[in-house]
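Work through the exercises below with the sequence and the 3D structure open beside you. Try each task before you read its solution.

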Amino acid sequence: MDFTFTDEQQQLRRTVREFAEGEIAPHVMEWDEVSRFPSEVIPKLAEMGLLGVIFPEKYGGAGLGYIEYVIAIEELSRVDGSVGITVAAHTSLCTNHIFKAGSEAQRMKYVVPLAQGQKLGCWSLTEPEAGSDAGGTRTIAEKNSGGYVLNGAKTFTTNGHYADVCVAMAVTDKSKAHHGISAFIIEKDTPGFKPGKKENKLGLRASDTSEVTFSDCRVPSENLLGREGEGFVNSLQILDGGRISIAALALGMAQGAYEAAVKYAKQRKQFGKVIGEFQAIQFKLADMATQIEAARLLTYHAAWLADRSAQDGSRYTTQSCMAKLFAGEVAVRVANEAVQIFGGYGFTKDYPVEKFYRDVKLCTIGEGTSEIQRLVIARQLLGKK
Ligand SMILES: Cc1cc2nc3c(=O)[nH]c(=O)nc-3n(C[C@H](O)[C@H](O)[C@H](O)COP(=O)(O)OP(=O)(O)OC[C@H]3O[C@@H](n4cnc5c(N)ncnc54)[C@H](O)[C@@H]3O)c2cc1C
C-alpha cells in the first residue's frame with residue numbers, strides 16, 4: 001500500500017493551485033454576487049487539459065485517471081466550488097456517459113471536442129417530479145422515421161445554458177419502467193431544445209443550474225446513446241464516478257474553509273491573545289483537520305477504485321457513495337465551524353468562509369442526497385438490488 005502521490009500528480013496539484021489562486025480567486029466574490037457564469041475561464045481550463053483529464057489521448061483527453069481528476073476538482077474547489085462543479089458535470093457526467101456508452105463514431109464526434117474543451121457538456125437526468133426517484137422520468141422519446149421526438153422538461157441541469165452538448169434521459173418504453181429509459185445526445189442548436197429557467201441559488205452561484213426543455217425535439221437515431229432502454233442503468237454507473245466528483249468538490253471546499261480558519265486563528269486577538277491559543281478553537285481546528293483527512297482518504301480510495309475499474313470493470317458503487325456521503329457531510333460541518341471561528345466577521349462577505357458555508361450545502365444534495373447515499377450503501381451491504 002502506497003499513499004504517496006507521484007511527482008507528476010504533485011506537479012499537477014501545484015499547477016492547478018497556482019491557476020486557481022491566480023486567475024479564479026480574485027473574481028469569486030464578484031461572480032458569486034451577480035451569479036455570473038465565468039465563461040472566460042473555460043478556454044483556460046481547456047488549455048490546461050482540465051476538461052478531459054480522465055479520457056484517453058486518442059479521444060482528446062489528457063490520458064490520466066480519477067486520482068488526477070480528483071486532484072484537479074479538489075484544487076479548483078478549494079478556491080471556487082462553482083468552477084469545480086462546472087468541470088465535474090462536464091467531465092464525469094456528460095462526457096463520461098458518451099465515452100462509456102457511446103459508439104466509436106459518437107466518441108470521435110463528441111468526446112473529442114468535449115475532452116479538448118472546445119465544447120462544454122451538460123447531463124440531464126433530474127426532472128421536477130423525478131429527483132431522488134430518477135426512475136420516475138417523464139420526458140418521452142417517441143420513435144419516428146429516422147430518429148426520436150423528445151418532449152418534456154429537465155430541471156437542475158448544471159451548465160444547462162452554456163453547454164454545446166446535452167446528454168438527457170427520456171422514456172422510450174413506459175411499460176418497461178427503469179428498463180424503458182434511454183439516453184440521447186442532443187446538440188444545443190437542435191430545434192425544440194431550449195434551456196429554460198436559471199435557478200437563483202443559495203450557493204455555487206457562479207455555476208449555471210438550469211431547466212432544459214424539449215418540445216418536439218427531433219433527435220436522429222445515431223444520437224441514441226447506448227442501446228434503447230439502457231439509459232437509466234448506464235446513468236447509475238455514470239453516477240458512481242460522478243459521486244467521486246462531488247466528494248472531491250466537498251473536500252476542496254472543506255480544505256479552503258479550514259485553511260482560512262487556521263489563518264484567522266493565528267491573527268485575531270481577543271483577551272490579549274490570538275484566538276488560536278484558546279483550547280476551544282484548537283479543538284475545533286483539530287476536529288476539522290481530522291475529518292478532512294478521513295474524507296480525503298475515502299475520496300482518493302474511491303478514485304483509485306475507479307481507475308482500477310477502468311482496467312477490470314469492477315464496480316465501486318459502495319465506496320463512491322461512502323466518499324460522497326462522508327466528504328459532503330464533513331464539508332458542511334467544517335464550513336460551519338470555520339464561520340464560528342471567524343465570529344461576526346464570518347457572517348460577512350469580507351471573508352471567504354461565508355461563501356464556503358453556502359456553497360458546501362450542495363454536496364449533501366447533488367448527485368443523490370445523503371439519505372439516498374445511505375440507502376444505496378445499505379442496499380449493497382444487504383445484497384439487495
Ligand atoms: C446545484 C445543483 C446542481 C445539480 N446538477 C444536476 C445535473 O447536472 N444533472 C441532473 O440530472 N441533476 C442535477 N441536480 C439535481 C440533484 O441531483 C437532485 O436535486 C437530487 O438528486 C435530489 O432530488 P430532488 O431535489 O428532487 O429532491 P427530492 O427527491 O424531492 O428529495 C427531497 C428530500 O426527500 C428525501 N428523500 C427522497 N426520497 C427518499 C427516500 N426514498 N428515502 C429517504 N429520503 C428520501 C431526500 O433525501 C431529500 O431530503 C442538481 C441539483 C442542484 C441543487
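### Around the ligand

By class, seven nonpolar, nine polar and three charged residues form the shell around the ligand, where Asp, Glu, Lys and Arg count as charged, Ala, Val, Leu, Ile, Met, Phe, Trp, Tyr, Cys and Pro as nonpolar, and the others, Gly among them, as polar. This is a predicted model, in which local features need pLDDT of at least 70 and side-chain atom pairs count only at pLDDT 80 or more, while totals for chains, interfaces and linings use all residues. Residues are numbered from 1 along each chain as its sequence is written, and side-chain values use heavy atoms, with hydrogens and water left out.

**Exercise 1.** Find which residues come nearest to the ligand.

*Solution.* Begin with the 19 residues around the ligand, a residue being near if one of its heavy atoms lies within 4 Å. Of these, Thr126, Ser132, Phe156, Thr369 and Glu371 come nearest.

**Exercise 2.** Find the polar side-chain atom of Ser132 and give its distance from an oxygen atom of the ligand.

*Solution.* The distance is 2.6 Å, and a polar contact is a pair of N or O atoms within 3.5 Å. Next, turn to the backbone, where an N or O atom of Phe156 lies 2.9 Å from a nitrogen atom of the ligand.

**Exercise 3.** Name the elements that each supply at least two residues of the shell.

*Solution.* They are strand 1 (121-124), strand 3 (147-158) and helix 11 (370-381), taken from DSSP runs numbered from the N terminus (helices H or I, at least four residues; strands E, at least two).

Key
Polar contact = N/O pair within 3.5 Å; in protein donor to acceptor, adjacent residues only side chain to side chain.
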